[in-house]
Amino acid sequence: FLENLKSEVRAFLCGDKKYKTERDGLFGEKGLARAYVVSAMAVAIAPHLSVASAVIAPLIALVLASIGKITLNAWCATK
């Protein structure tokens, strides 16, 4: 069972056609949760850099997206 579960998780995360609808719904969503996490990180980091949180929020979003994409690509390339 565990091997089959790992195989299906890999298929879901790495772009198998049978999970396209579910993946688009999960990864394509630009919801409040994503905005909340980025905003919370910006508010926590901004005072230490002496800048407004609105200035660094886009940078935080880009860094998180980049790290996530790189990690996912590395995991999918590993078999």
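I began with terms: helices here are DSSP runs of H or I with at least four residues, numbered from the N terminus. I also noted that the model I am reading is predicted.

Entry on isoleucine 60. I looked up where this residue sits and found isoleucine 60 in helix 4, which covers residues 53-77. Is isoleucine 60 buried or exposed? I recorded isoleucine 60 as buried, because its relative accessibility is 11%, and the cut-off for buried is under 20%. Setting aside neighbours within four places in sequence, I listed Val38, Met41, Ala42 and Ile45 as the contacts of isoleucine 60. I then checked lysine 17, which is 43 residues from isoleucine 60 in sequence and 31 Å from it in space, C-alpha to C-alpha.

Entry on the largest pocket. I noted a volume of about 340 Å³ for the largest pocket, and, of the eleven residues that line it, I wrote down Arg34, Leu64, Ala65, Gly68 and Lys69 as the closest to its centre. Which helix gives the largest share of the lining? I found that helix 4 does, with seven residues, while helix 3 (32-49) and helix 4 each supply at least two. Sorting the lining by class, I recorded eight nonpolar residues, one polar and two charged.

Entry on rings. I searched for aromatic pairs and the count came to one: phenylalanine 12 with tyrosine 19, edge-to-face, at 5.7 Å centre to centre and with 80° between the planes. I also looked at tryptophan 75, and found the charged end of arginine 10 sitting over its ring, 4.5 Å from the ring centre.

Note on methods
Residues are numbered from 1 along each chain as its sequence is written. This is a predicted model: local features need pLDDT of at least 70, side-chain atom pairs count only at pLDDT 80 or more; totals for chains, interfaces and linings use all residues. Side-chain values use heavy atoms; hydrogens and water are left out. Rings of Phe, Tyr and Trp (its six-membered ring) pair if their centres lie within 6.5 Å; planes under 30 degrees apart count as stacked, over 60 as edge-to-face and the rest as tilted. A charge sits over a ring if NZ of Lys or CZ of Arg is within 6 Å of the ring centre and within 35 degrees of the ring normal. Buried means under 20% relative accessible area, exposed over 50%, partly exposed in between (1.4 Å probe, protein chains only). Contact means heavy atoms within 4.5 Å. On a 1 Å grid over the protein atoms alone, a cavity is a set of points where a 1.4 Å probe fits but cannot get out, and a pocket is an open set with protein on both sides within 12 Å along at least five of seven lines; lining residues have an atom within 4 Å of a point. Grid points are joined across faces, edges and corners, and a volume is the space filled by probe spheres set on the points. Ala, Val, Leu, Ile, Met, Phe, Trp, Tyr, Cys and Pro count as nonpolar, Asp, Glu, Lys and Arg as charged, and the others, Gly among them, as polar.
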